[in-house]
Amino acid sequence: MKPTDSELEILAYLWQNGQSTVRQVHDHLAQTKEAGYTTTLKLMQIMHEKGLLSRIEEGRSHVYTAQVNEEETQQSLLGRFVETTFRGSAARLVMQALGNHETSAEELDEIRTLLNNLENNR
């Protein structure tokens, strides 16, 4: 399962807000980009066909719910990204990320804690 960028925007909204109508999703997306209601509707219908969303009818509206887990989706996408972009090296990813942005002392402490936990669990 590899959601497109547009599908990820819809999933992110549903993960944060729970079950929603097409209108609710569309109104949210329209705040940041120009998209027609019918485009949002069609995209959500395709996502339903792909198994990314479930749908129930409530009167004249369809209510959609994410069928994929947020954390599992992030892990899958990150794994594919690391594999294709960094030849499978998590170290290369981390070094690139840390080298391209100013890391706060708090973030470095979190990273040290994570590394210590990983070492202790081996």
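Helices here are DSSP runs of H or I with at least four residues, strands are E runs of at least two, and both are numbered from the N terminus. This is a predicted model, where local features need pLDDT of at least 70, side-chain atom pairs count only at pLDDT 80 or more, and totals for chains, interfaces and linings use all residues. Residues are numbered from 1 along each chain as its sequence is written, and side-chain values use heavy atoms, leaving out hydrogens and water.

**View A. H26 in helix α2 (residues 22–29).** Here H26 is buried at 8% relative accessible area (buried is under 20%, exposed over 50%, partly exposed in between; 1.4 Å probe, protein chains only). Beyond its neighbours within four places in sequence, H26 is in contact with A35, G36, Y37 and T40 (contact means heavy atoms within 4.5 Å).

**View B. E7 and K50 in a salt bridge.** The closest N and O atoms sit 2.8 Å apart; a salt bridge is a side-chain nitrogen of Lys or Arg within 4 Å of a carboxyl oxygen of Asp or Glu. E7 belongs to helix α1 (residues 5–17) and K50 to helix α3 (residues 37–50), so the pair ties together parts 43 residues apart in sequence. E7 is buried at 2%, while K50 is partly exposed at 47%.

**View C. D27 and R23 in a salt bridge.** This one spans 3.5 Å, N to O. Both residues lie in helix α2, four residues apart, or about one turn of the helix. D27 is partly exposed at 38% relative accessible area, and R23 is partly exposed at 41%.
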